[in-house]
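The sequence and structure are shown first.

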Amino acid sequence: MALPLYAGLLHTLHTSLRWAPSLRWAPPPTPGPSRRPSRHPSHITLQHSSRPAMCRSAPPPASVEAGPRAEYPGPWAGGQSPHQVGEGAPSRVGRPSAAALPAHAKPLGASVVVRGLAGAPEHNGKSAEVCGWDEARERYDVRLEEGGDMLSLRPSSVVQLCTVEVTALKGRPELNGLVGRILGFDEARGRYRVLLDGLVMVVALQPSNCVLLDEGVQVLLQGLSTSPELNGQMAQVKGVERASSRYTVCTQGGRYVRVKYDNVMC
């Protein structure tokens, strides 16, 4: 039995020597430079999303030019106001710009007090704001501060709340030189009601005892004997001559005249 065992050992040794070259040791490969992932978008794996992809080369959206801006017509446009005073209805056009108003018309937003209304005396003495001017009809569109009603009024039916200086007051000379603000007009006495600055008191002053201090204020001419055709015309104050107690005004017809203090109503 030793012979077969010896023969088996020889066969095993022969087989091992036959395959030995393929079992030689080989050194590990030399590691090369590390490769980092590229930052280029083409090497980034995109995940599928429900959002639409945006192409980098897509043109920007076309700009849309805005059309002409619509001007808010105001509550008095588009029909007659609930309460109208004077002839005709308020202007149906939108609020005009300040540049479109004539120089003799009170500016938009001016604070006024309603006066001299015979047909609607309940509005006399109420504060209002000028919202428009109708040159063809010569009417102011004003909005009452209380209730917001719109009225269409003649220039003689409003008095502007202007800043004035007391002058030539003989009964109370200590008030001369004081500055105040017109609050209204006393129709029965023909006097302004003026609140004096620094004093908690309201005084009644004739137009001849008031110097209008607001630059370019709009007034109404009255009591002119040498030029009666100008009475009732609108004008703008261009200058004050204190030595002669007169204003230089430009009428709505473009005529420059010198008038006394009491020949204007603000």
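## Largest cavity

His104, Lys106, Arg115, Tyr140, Pro155, Val158, Gln218, Val219, Leu220, Met234, Met265 and Cys266 line the largest cavity. A cavity is a set of points, on a 1 Å grid over the protein atoms alone, where a 1.4 Å probe fits but cannot get out, and lining residues have an atom within 4 Å of a point. The volume is about 70 Å³, taken as the space filled by probe spheres set on the points.

By residue class, the lining comprises 8 nonpolar, 2 polar and 2 charged residues; Tyr, Cys and Pro are among those counted as nonpolar, and Asp, Glu, Lys and Arg count as charged. Strand S11 (residues 218-221) gives the most to this lining, with 3 residues; strands are DSSP runs (E, at least two residues) numbered from the N terminus.

## Basis of the model

The model is predicted: local features need pLDDT of at least 70, side-chain atom pairs count only at pLDDT 80 or more, and totals for chains, interfaces and linings use all residues. Residues are numbered from 1 along each chain as its sequence is written, and side-chain values use heavy atoms, with hydrogens and water left out.

## The open sheet

An open sheet of 5 antiparallel strands has the order S14-S13-S12-S11-S15. Strands S14 (256-260) and S15 (264-265) are at the edges with a single partner strand each, so one side of each has no neighbour in the sheet. Pairing requires at least two DSSP bridges between two strands.

S12 (residues 234-241) and S13 (residues 246-251) are joined by 6 bridges, and Gln236 stands opposite Cys250.

How values were computed. On a 1 Å grid over the protein atoms alone, a cavity is a set of points where a 1.4 Å probe fits but cannot get out, and a pocket is an open set with protein on both sides within 12 Å along at least five of seven lines; lining residues have an atom within 4 Å of a point. Helices (H or I, at least four residues) and strands (E, at least two) are DSSP runs, numbered from the N terminus.
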